[in-house]
Every structure is written in C-alpha cells, then in structure tokens.
Amino acid sequence: MSDLILQALYSGVLAGGSYALIALGLALVFGTMRVINLAHGELVLLAAYIGYTVESRLGWSPVAAIPFALVVVCAAAACVYGVVSRIRVDREINSLIATFGIGVILTNAILLVWSADVRSTSSAWLQEAVVMGPLYGMRGELVFFGVSLALMGALWWWLAKSWYGRAVRAVASNRDAAQLMGIPPGRTELVSFLVAGVLAACAGVALYSVGVIQPALGGALTVKAFIITVLAGVGSIPGVLLGAVLLGVAEALTVTLASSALQELAGMGLFLLVLFVLPNGLFGAVRRRG
Amino acid sequence: MRRAYFPALLLAAYAGVPLVLGGNAYVMSLIDAALVIGGIALAWALLGNLGGMVSFGHSAFVGVGGYASALLTAKAGLPVPAGLLLGGVGAVLAAIVMLPVLRLRGPYFALAILAYAHIFRILATEWTAVTGGAAGVSGVPPLPVIAGIDFGGKTGAYFVILTIVCVFAWIYARVSASHYGLALRAMHDSEDATQVLGVNSTLLKAAMLLLSAFMTGVVGAFNAHYIGFLEPDYAFAGLWVTLPIVAAIFGGYRTIAGPLLGAVVVYLLDQLVFKTLISSGHQLILGALLVAMIVFSPRGLLPLLTRGRKSDAGT
C-alpha cells in the first residue's frame, strides 16, 4: 500500500510539471492584461494535436513537433490578443466572453480537423518504463518534467533580467506608470501572449507524449490551470510549480485510492478547500482577486 | 419598452404562431427548442445584467434541474408540473453549494462556476445508484394531458415553454424595476460605494444567482420531460452554455427581449443554416459569431437596431 502511495506521489509530481506550464501561461496573461484567457486550454490542446499530426504523418517523435507547435500556437495566441485588445467597453466581462468564444471555435476546429477519436502517442521510446528503486515512470514523463523545469527557469530568468520580461512585470504592476516610463503596453501585452503561447505549445506536446487527448479536453485544462493559480496565488513561479505538483499529487492519489473517474473531483475538492480556508492561496501575499 | 406592443406580441405568440405553424411538427419542435434556449439565455442575462456576473456554469443548473424533475417524477411518482418546480428548486440547491464563489469577482467567479459545472457532470455520471450513471434515465414521463390538451405534443409543449418564458420575463422586469434592481445597477458602477450606502451587495448577488438558477432549472426540467430522456453528457452539455450566451450577446444581454429574440434567431440559424454548412462542428460558427459580436457590437443587435428610433419612442 505504501508503495502504491509513493508511486502516486511520484506520478503526481511528474504530472505537475506540465500543469505548471499551463498555469504559468494563464497567469502571465492575467498579470499583464487582467484578462483570463478561457481559450488557453484549447491552445494547449492544439499543440497536443500538432504533436499527433507530426507523429502520425511524418513518423517523427512528438518531441520534434515542438517547433511546429510553437509557430501555430503562438500565431493562435497572437490572434487571441488581436481580439482581446480590440475590446473597449466592459473589458473584464467582454474579454471573458470573447475568449470563451475563441475556445468554442478552437474546440470545434480541432473536432473538424482531427475528429472526436481519442489519441495517444505510439512512440515506444517515450512510453518505455524508467525504474528508479520502487518507482516507475514513463520516459516521456521524465523528459517533459525536465523540459518543464528548464522552461520555468528560463521564464524566471526572462522575467527577472530581460528588457521585455521586466516590461511585462512593470505593465502588470501598473500599466499607466509603465507607459509613462516609455514601455509600450500594447506590445508588452502581445509579448506576454506569445510567451504564454510558447509555454502552452510545450505543455501541449508534453500532454500528448504522456497521455490521451480528445477534443473536449480544452475546458478541463483551463479549469486545472485556474485551480493551480488559486492554490498558488498569482505572482511566483515556485508557487505555481508547488500548486501544480499539489494538484497532480491529489489527482494521482485519488486515482490510486478511489477511482480514476473521480480524478477531476480531487482538484475541485482542493480548490474549494483553499477557497474556504485560505482565500489568498497557499503562497499568496495579500492581494485582490479581480 | 413600448408597452402598447405587448398585448399584440403576446396574442401573436399565443394564437398566431400555433395557428400558422402548428401543423408543421418540425417547425414547432424547432421553435420549442429555441424557446428552451431563450429561457436559459434570459436567466443567464439576468445574472449578467443585474448581478454583473458572467457564468459559464449554467449547464449545471440545466442538468440538475432536469435530473431532479426526471427522477422525482419517474421514480418517486410526483406529478410532472410539480416536477418542473422542483427541478427549479434542485437547481437552487446546486446554486447554494456554489455560493462560496461569490467571494470571487470577475474572471475568478466565471472560472470557479465553470469548475462547478464540471463537478456536477462528474457526479451525475458517477452517482449511478441515483442517476443511472452514463446510461442515463429513460422513461421520463411526458408533460400531462389537461382538459383535452396534450401538453406533451409539440404545440402543447409550446404553450408550456412560452408561458414559462413569459413569466420569467415578467419576474425579470419586476426585479429590474424594483429598488433591488436599482441597487444592483448601482453595484455595477461601484460595488464599494453601494456597500457604503448600506446595501448588502453579497446578499443581493446571491439572490440573483439563486433566481437565475431557479429559472434555468425549471427550463432544464421542462426540456427533460419534453425530450423524455436524460444522460449526463446531454443534460450537462457545454451547448447549454454556449447557445444561451451567443443568444444573449447577439440580442443584447442588457435588455429583456434581447436574449429571447437572440435565442430564436441564433437557434434557427444554427439548425437551418450552420448545421447544413458544417455538420459535426457547427458550433464553430457560433463561436465566431460570439467573438464578432463582442468585438464589433458588444451591446447586441437589438440596441443597435432600436438606437435610431429611441428619440421618437419617448423613452
């Protein structure tokens, strides 16, 4: 039994890596534009399906799909920005509805192009078991956990050191002041969407490489990313990683101890608990929601 | 609104539509379904307009309302009209569970309620002892025959859903005109200022959520009896959110007539035009319509059309 729980913890941590990437993209855009991109999960799913196409048509490893996914998903993210930036009245409500509409468009486009079938990778290299003591993991899970950590490190460096990263943080903390300091807010917001697109593209390919995908998955991914940001509190990369790992572990434990059908309820339970007990998130400083 | 038109409009809806179209079962079924969407769109718009909250979780209320009524009538033997009301009560109970999300604002609220909708669908699928699980509930009793009129038929059901929608529109108008409506509109401008004046904003928002849930639940219950079958994927389908939102935005969600007219136009367009263009992914066009409306005319088409006439209408 303890072996099973240990295994669930391990799988949960591995799953947390790509969850964190999805949540960081959502949080980054929310930070700069105060807009929750409800189509974010669909962007991730789009990358996953590009991974499928590259594997099934070209016969390459899904990992090789990342450049293609980057191009397509960043273009799609730029389109989302194009729509959201045009909204002038009731920005908060209307941007939600508009990105919800984009989510509907993407879900149905995916349905049309790739049909409703459930897909998963056929790469033996990615699915091969890697044994570490009593713990089993798929090689794909380990590879993409490493990729996730590297990306998070790169994101941290970018936000802390690069000009655009600092511009993103400046716009997030005070848009008007940032504009007065000569930072173009529009372009900075576009950059935050593009970076979110990069994160979504990698997370999507990871999703396809280690699990099953279907067109209806997008909404659940957005909800998961949101639960993580509630758990973590917006603003810190390690916080998001911890929140994501917590969600992954909660899901894996539910699958092990109860039933796989209740997997999504685990995240929800965690979310409600935090909502009731710690409204500022686990690692959040004092901040307002919305 | 121009009150003089109301009696004529009601007469046309109650007598004109059944007389002219009543013989065509297909057209009547389209209109029934459009009114179901219209009822949900109205409830959604009430929450959005008066409560200032965007919900992506109304499919939860549709599903819970449908399941509550279907199970209470099919298994406990309650009469169907009572089931419709209890469907609304069931949705209110679901909304009470959601009340903690009122602590959240804007996007956080919208996503939290979306998450709730996921929970309810999982519950309906997994709680097999009560709901019958993924196989669904069959043999949901149809709407009854009263005084020789078969309310289970396409035309009879039309009268039922039309009455439900009209009553809801009337309630909406009364709430909007009351001093609660005034307080809610004031909250839309500044919630803090309204609280300072002694308005219990959380209580008012909760009331709007419960009212909207009740309306949606009744419509969901009606639909369950009208269709005669329920399964989790249908009862909690994303379509119950997408179509009403598109309808409400299309018609103008800050008006009362907008969501209803929007529902009729959008649903008929969807079924008669979009579905023939793209059979499996026709919601794609709905999504595009939604985005286009938000970008180019976020207040909807109805205010756009009536804007020119506002001066001579004397409002």
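1. How many residues lie between β2(A) and β3(A) in the hairpin that they form? There are two residues between these strands, and G133(A) in the turn has a positive phi of about 60 degrees. Strands here are DSSP runs (E, at least two residues) and helices likewise (H or I, at least four), numbered from the N terminus.

2. This is a predicted model, in which local features need pLDDT of at least 70 and side-chain atom pairs count only at pLDDT 80 or more, while totals for chains, interfaces and linings use all residues. Residues are numbered from 1 along each chain as its sequence is written, and chains are lettered from A and ligands numbered from 1 in the order in which they are written.

3. Strand β2 (residues 129-132) of chain A pairs with strand β3 (residues 135-138) of chain A in the antiparallel sense over four bridges, where pairing requires that DSSP finds at least two bridges between two strands. V130(A) has G137(A) as its bridge partner in β3(A).

4. Helix α3 (residues 66-85) of chain A packs against helix α4 (residues 91-114) of chain A at an angle of about 145 degrees, the axes being 10 Å apart; axes are lines fitted to C-alpha atoms over the stretch in contact, and angles run from 0 to 180 degrees between N-to-C directions. The contact (C-beta atoms, placed from the backbone, within 7 Å) involves V80(A), V83(A) and V84(A) of α3(A), together with S95(A), A98(A), T99(A) and I102(A) of α4(A).

5. Between the chains, 34 residues of chain B are in contact with 36 residues of chain A. On the side of chain B that touches chain A, α5(B) gives the most, with twelve residues.

Methods: Two residues are in contact if their C-beta atoms, placed from the backbone, lie within 7 Å.
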